[in-house]
Amino acid sequence: MSVLLLLLWLNQEVVQGNLDAWDEAFIQWVRNFRQPGLLEFAQVSYLSGEAEVVIFLILGGLGFLFWKRCLKEAQVLAVSSLGIIILIDKFLKPLFARIRPAPGLIDVHGNSYPSGHISGNFMLYLYISYLISFKFPKLTIYLYSISTILIFFMGWASLYLHVHWATDVIAGFCVGYLAFTLSIFLLKTVDTKYRSF
């Protein structure tokens with residue numbers, strides 16, 4: 001509930017422009033960090049969440065789930081992945097129509113709020129962590145920690161490369177987490193074995 005409230009508050013503040021000065025100051029602060037290798041690390045972190053990589057992960061995940069005859073898990077993965085793409089690209093980004101920071105250090109087009117990069121990848125990584133944790137409960141803390149750290153670096157890279165404002169990234173975390181929560185609710189609805197997990 002607190003994540004939803006944070007997202008609603010952020011939406012209102014972004015529409016009213018109340019956080020623009022903070023976003024600008026934060027990105028100026030991030031731009032001060034110039035270390036050898038940091039740009040390359042940021043590029044790899046950001047590009048690891050690009051559509052081509054994510055599609056490979058989703059198709060690989062779907063293939064593995066079908067191979068293991070986990071059809072309900074695969075269906076939820078497919079619906080969730082498609083759903084978050086539609087939600088971000090067709091509804092939220094056009095609704096807010098927020099312009100990206102300029103100049104960016106890599107070429108990225110389209111609106112910036114909320115970060116689809118963070119939303120989609122966070123939902124995907126958490127969902128995969130959930131499925132693996134169900135089979136191997138002792139790995140739960142490690143899987144969720146690794147997923148969160150990877151997405152944190154992706155969010156940091158978005159700021160470092162000047163392709164997102166900090167509020168875009170925070171909203172992306174919120175949307176991704178809420179999408180993950182809905183995915184698990186859907187999974188528990190279609191497959192009773194997950195209801196106690």
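Good morning. Helix α5 has 26 residues, 71-96, and at 1.5 Å a residue it should span 38 Å; its end C-alpha atoms lie 36 Å apart, which agrees. The expected span is 1.5 Å times one less than the number of residues. Helices here are DSSP runs of H or I with at least four residues, numbered from the N terminus.

Please note that this is a predicted model, in which local features need pLDDT of at least 70 and side-chain atom pairs pLDDT 80 or more, while totals for chains, interfaces and linings use all residues. Residues are numbered from 1 along each chain as its sequence is written, and side-chain values use heavy atoms, without hydrogens or water.

At I88, α5 bends by about 35°; this is the angle between axes fitted to the seven residues ending there and the seven starting there. I88 is also among the buried residues of α5, as are I84 and L92. Buried means under 20% relative accessible area, exposed over 50%, with a 1.4 Å probe and protein chains only. The cover over the buried residues of α5 includes α1 (2-16), α4 (51-67), α6 and α8 (166-190). After α5 comes A97, with a positive phi near 45°.

I turn now to the surface. A nonpolar patch there includes I128, F136 and I141, and its residues together have about 760 Å² of accessible area. Both α6 (116-135) and α7 (140-160) supply at least two residues of the patch, and the largest share, 4 residues, comes from α7. I141 belongs to α7. Is I141 buried or exposed? I141 is exposed, because its relative accessible area is 59%.

Terms used:
Patch = residues over 30% accessible without salt bridge, like charges linked within 9 Å, V, L, I, M, F, W, Y side chains within 5 Å. Areas by Shrake-Rupley, 256 points an atom, 1.4 Å probe, with all protein chains shown as cover. Salt bridge = Lys/Arg side-chain N within 4 Å of Asp/Glu carboxyl O. Contact = heavy atoms within 4.5 Å.
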